[in-house]
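Reader: Hi! I'm new to this one, could you walk me through it?
Author: Happy to, here it is.

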Amino acid sequence: MLPPPKLTLEELRAADARRAALVYVSEAFAEAVLDGIDVDTFADAALGAVFRELVANYGEEQVVALANRLPERIRAGEFSAHAQQ
């Protein structure tokens, strides 16, 4: 078994913030589904909100660069359920 990676305090805080944010998003997703909103409809709306926010913060070209890396990240399983456990 490999030893755990040594992370800085800033990296640990960032990882904690990402985990907390994922909990918020997951809860919003679950609430929407419980309210009868179709999973695909909610996911599409969430993606739209994410990309609007990213474009507002970073501009179109940086977001296009990020989006162009999505296929390899998806194929690598980064967004698969097992990656979240």
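Reader: In what order do the elements run from the N terminus on?
Author: They run α-α-α-α, and the protein has four helices and zero strands. Helices (H or I, at least four residues) and strands (E, at least two) are DSSP runs, numbered from the N terminus. This is a predicted model, where local features need pLDDT of at least 70 and side-chain atom pairs count only at pLDDT 80 or more, while totals for chains, interfaces and linings use all residues. Residues are numbered from 1 along each chain as its sequence is written, and side-chain values use heavy atoms, with hydrogens and water left out.

Reader: Nice. What about α1, how many residues has it?
Author: Helix α1 covers residues 9-34, 26 residues in total. Just after α1, Gly-36 takes a positive phi of about 95°.

Reader: Changing topic: how many salt bridges are there?
Author: A search of the whole structure finds two. A salt bridge here is a side-chain nitrogen of Lys or Arg within 4 Å of a carboxyl oxygen of Asp or Glu.

Reader: Which side chains meet in them?
Author: Arg-19 pairs with Asp-16 at 2.4 Å, N to O, and both lie in helix α1, three residues apart. Arg-73 pairs with Glu-78 at 2.5 Å, N to O.

Reader: What share of the protein is buried?
Author: Buried residues make up 6% of the 85 residues.

Methods:
The expected span of a helix is 1.5 Å times one less than its number of residues. Buried means under 20% relative accessible area, exposed over 50%, partly exposed in between (1.4 Å probe, protein chains only).
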